[in-house]
Amino acid sequence: MSKITVNNMNLWYTDFQALKNINMEINEHEITAFIGPSGCGKSTFLKSLNRMNDLVAGCRIEGDIRLDQEDIYASDYDVNMLRKRVGMVFQHPNPFPMSIYDNIAYGPRTHGIKDKKTLDEIVERSLKGAAIWEEVKDDLSKNALRISGGQQQRICIARALAVEPEVLLMDEPTSALDPISTAKIEDLVQDLKDRYTIVMVTHNMQQAARVSDKTAFFLTGETIEFGETTQIFSNPADKRTEDYVSGRFG
């Protein structure tokens with residue numbers, strides 16, 4: 001079942017067209033990976049799915065992006081609610097300079113939850129959901145900046161989960177991490193897809209092949225090919241896709 005539908009989407013930064021005629025259906029409870037060389041538009045497209053590009057001066061979008069059939073760029077669409085429903089995890093871990101507990105409770109508090117017992121339950125559930133509860137449960141008052149990078153990234157995932165999103169966008173979530181931390185995040189992503197729809201940008205083609213159900217290959221602002229990950233990597237329909245996944249460029 002389609003969770004996000006994109007039709008004839010074009011995006012400009014002032015006069016530069018960064019995305020050209022994007023069409024895609026992202027299915028619920030699947031992991032969709034975006035691959036392609038640097039500057040191909042994959043992160044720009046990812047950020048358009050929860051309107052993070054609204055914050056960029058000169059950004060203009062045409063076309064149609066729908067979440068559960070609702071146009072997220074409609075003039076009356078609640079952007080704050082969109083970003084609650086569609087969470088974001090960035091390339092570099094970016095915990096707030098506060099305790100682990102307050103990092104996770106930040107979003108729920110912003111949405112009006114003040115009851116300590118309720119917040120305690122959300123913090124525990126979110127940290128368990130991000131597979132880090134056992135590592136930090138006895139030290140929730142510790143500053144989140146004083147734990148390892150891999151732990152910080154899982155704290156950021158837990159922070160995103162705390163507001164109960166439906167979709168989780170991940171922009172190269174393991175690129176700054178060591179191999180052991182990367183493996184933990186990949187295992188976590190596989191577990192999370194039972195409850196969330198996950199869209200991931202990655203420069204690591206092996207990672208896309210390992211964890212995703214569908215893969216889209218971007219090049220110079222276009223989706224060259226989009227389909228089942230096994231097909232994209234083993235039998236691509238377009239020679240440019242074949243050249244990229246086989247390492248001939250990129």
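Which residue takes a positive phi in the hairpin of strand 1 and strand 2? Select Thr14 in this predicted model: its phi is positive, near 55 degrees, and the hairpin has two residues between the strands.

Next, select strand 1, residues 2-13. This strand is mostly covered, with nine of its 12 residues buried. On one side of the pairing to examine is strand 2, residues 16-27, which pairs with strand 1 in the antiparallel sense over eight bridges. Display Met9 to see a residue that stands opposite Ile22 in strand 2.

Show Asn7 and find Asp64, its bridge partner in strand 4.

Select Trp12 and Arg60: the charged end of Arg60 sits over the ring of Trp12, 4.2 Å from its centre. A second example is found at Phe96, where Arg159 lies over the face of the ring at 4.1 Å from the ring centre.

The tour then turns to aromatic rings. The count comes to five aromatic pairs. One of them is formed by Phe34 and Phe45, whose ring centres are 5.3 Å apart and whose planes stand at 35 degrees, so the pair is tilted. Because Phe34 lies in strand 3 (residues 31-35) and Phe45 in helix 1 (residues 42-48), the pair ties together parts that are 11 residues apart in sequence. Both Phe34 and Phe45 are buried.

Notes
Residues are numbered from 1 along each chain as its sequence is written. This is a predicted model: local features need pLDDT of at least 70, side-chain atom pairs count only at pLDDT 80 or more; totals for chains, interfaces and linings use all residues. Side-chain values use heavy atoms; hydrogens and water are left out. Buried means under 20% relative accessible area, exposed over 50%, partly exposed in between (1.4 Å probe, protein chains only). Helices (H or I, at least four residues) and strands (E, at least two) are DSSP runs, numbered from the N terminus. Two strands pair if DSSP finds at least two bridges between them. Rings of Phe, Tyr and Trp (its six-membered ring) pair if their centres lie within 6.5 Å; planes under 30 degrees apart count as stacked, over 60 as edge-to-face and the rest as tilted. A charge sits over a ring if NZ of Lys or CZ of Arg is within 6 Å of the ring centre and within 35 degrees of the ring normal.
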